[in-house]
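Please look over the structure below. This briefing walks through a few of its local features.

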Amino acid sequence: MTKKYFGTDGIRGRVGKFPITPDFILHLGYSAGKVLAAADWHLMEGKRPTVLIGKDTRVSGYMLESALEAGLCAAGVDVILSGPMPTPAIAYLIRALRLQAGIVISASHNLFEDNGVKFFSASGSKLPDEMEHKIEAELNSPIETKPSIQLGKVQRIDDAAGRYIEFCKSTFPYHLDLRGLRIVVDCAHGAAYHIAGHVMHELGADVVTIGVQPNGLNINLECGATHCATLQKAVKQHRADLGIALDGDGDRVMMVDKFGKLYDGDQLTYIIAKHRMRKNVLGGGVVGTLMTNLAIENQFKKLRIPFLRANVGDRYVHELLQENKWQLGGESSGHIICMDKHTTGDGIISALQVLYALRDTRKTLAEFMRGVALFPQRLVNVKVSKSFNLKANKAVDAVRKEAEADLGDEGRLLIRASGTEPLIRVMVEGKSKQKVNYWSERIAGVIQTACNS
């Protein structure tokens, strides 16, 4: 059954435009609260279910937090507020505090004009499709506020940051530290601004932090995991050994070596996998996505590491990991899931797993990636109307077939609708950079023309 509001990562959009409006978010909070209260497994000894709400640093977070809080309380659900915290921190705190669910107010890597809402279950994983369907169904019913004696209450957790910092540190081996390393950490003026630097510093690193002055408007603005040029420049400027870039909600990571060379999620996942294989702790195979670079897949074959591709989106990586009982998966965008460390993608913890590999082997990022030449790959985003039907468009289908025939076995093509924005994403990959550029531009042009007509 198709969901009306939920995408691959919750509900997201432009603030002030439906559905990211106070009235809808109020109703969403009420509907979610009603679903949670109705689920037998959420009730323990007659106590009300409790939901944790976290957010990133967007100015609209105050408004949306208040709306969600009111809706949940009206449905008879207690609420705990954490303030600005990384998305994976909320997933951890749900389990640590034995809560029934968690909600994160964030639009991840988007700029401040956008915002969104994503839910986590009691296990710290993304809410199952079944629960999202139930919440959407409840949105069709009016709000009926509980009697005053049954209304939910609200409290704030004051030590959330400290709890999460200690949790992150616990995923790094006790017999190692980061002494002697100078690391630049770019927090994208986002939710990890008061977290990531402390984690690295307390493990012994000499830390330089950038992107740690959020003002509600500068999240992801020319910084962080979606704009690594700022980090590359800072690493050289401070003569650092490494750079770590997170996105606005702290679940993505990119890294930079001392020469300013960028390493994306595919490469970092490969480094973690290669190290774990040699330590005999890989725990099965690796899950990538349809976007994972073909060179990485080929390298896994050489190492005899099983590899599977999931649909784009960390929730699909997570599902495939669970299905195969594997531990490691990742996306080129920087979402990396280490199931033995956390239930969801975590930028800080993923960076620590890479740092573990480097410290344990005394190798550099470049040395780990020696002999692995990524295929030229280009991603073009085409803005379209929400009514644009990609699958039914004959012109797009025709150019797709033409490109696939030309690329043959030496390339890949992926045309898909974004699960979070009104975009068609065109990814072309192949040995020939000229062909990659040609087909990505041509296909994007055909989509744009088809949409305008």
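The model is predicted. Three strands form an open sheet in the order β16-β18-β17. Helices α8 and α9 cross at roughly 10°.

**The sheet and its helix**
- Pairing in the open sheet is antiparallel.
- β16 (377-383) and β17 (411-417) are the edge strands, and each pairs on one side only.
- From one strand to the next, the twist averages 10°.
- Seven bridges link β16 with β18 (residues 423-430).
- Arg378 has Val428 in β18 as its bridge partner.
- Helix α14 (residues 433-452) packs on this sheet and touches β16, β17 and β18.
- The direction of α14 makes about 10° with that of β16.

**Helix α4**
- α4 spans residues 129-138.
- Its buried residues are Met131, Glu132, His133, Ile135 and Glu136.
- The cover over these buried residues includes α1 (22-38) and α10 (314-324).

**The α8 and α9 pair**
- The axes of α8 (residues 265-278) and α9 (residues 294-302) come within 10 Å.
- Their crossing angle is roughly 10°, and angles under 35 degrees count as roughly parallel, so α8 and α9 are roughly parallel to each other.
- The crossing is left-handed.
- α8 makes the contact with Asp266, Tyr270 and Ala273, while α9 uses Ile296, Gln299 and Phe300.
- Four residues of this contact are nonpolar, one is polar and one is charged.

Methods: Residues are numbered from 1 along each chain as its sequence is written. This is a predicted model: local features need pLDDT of at least 70, side-chain atom pairs count only at pLDDT 80 or more; totals for chains, interfaces and linings use all residues. Side-chain values use heavy atoms; hydrogens and water are left out. Two strands pair if DSSP finds at least two bridges between them. Helices (H or I, at least four residues) and strands (E, at least two) are DSSP runs, numbered from the N terminus. Axes are lines fitted to C-alpha atoms, for helices over the stretch in contact, and angles run from 0 to 180 degrees between N-to-C directions. Contact means heavy atoms within 4.5 Å. Buried means under 20% relative accessible area, exposed over 50%, partly exposed in between (1.4 Å probe, protein chains only). Angles under 35 degrees count as roughly parallel, over 145 as roughly antiparallel, 65 to 115 as roughly perpendicular and the rest as oblique. A crossing is left-handed if the near helix is turned anticlockwise from the far one by less than a right angle, and right-handed if clockwise. Ala, Val, Leu, Ile, Met, Phe, Trp, Tyr, Cys and Pro count as nonpolar, Asp, Glu, Lys and Arg as charged, and the others, Gly among them, as polar.
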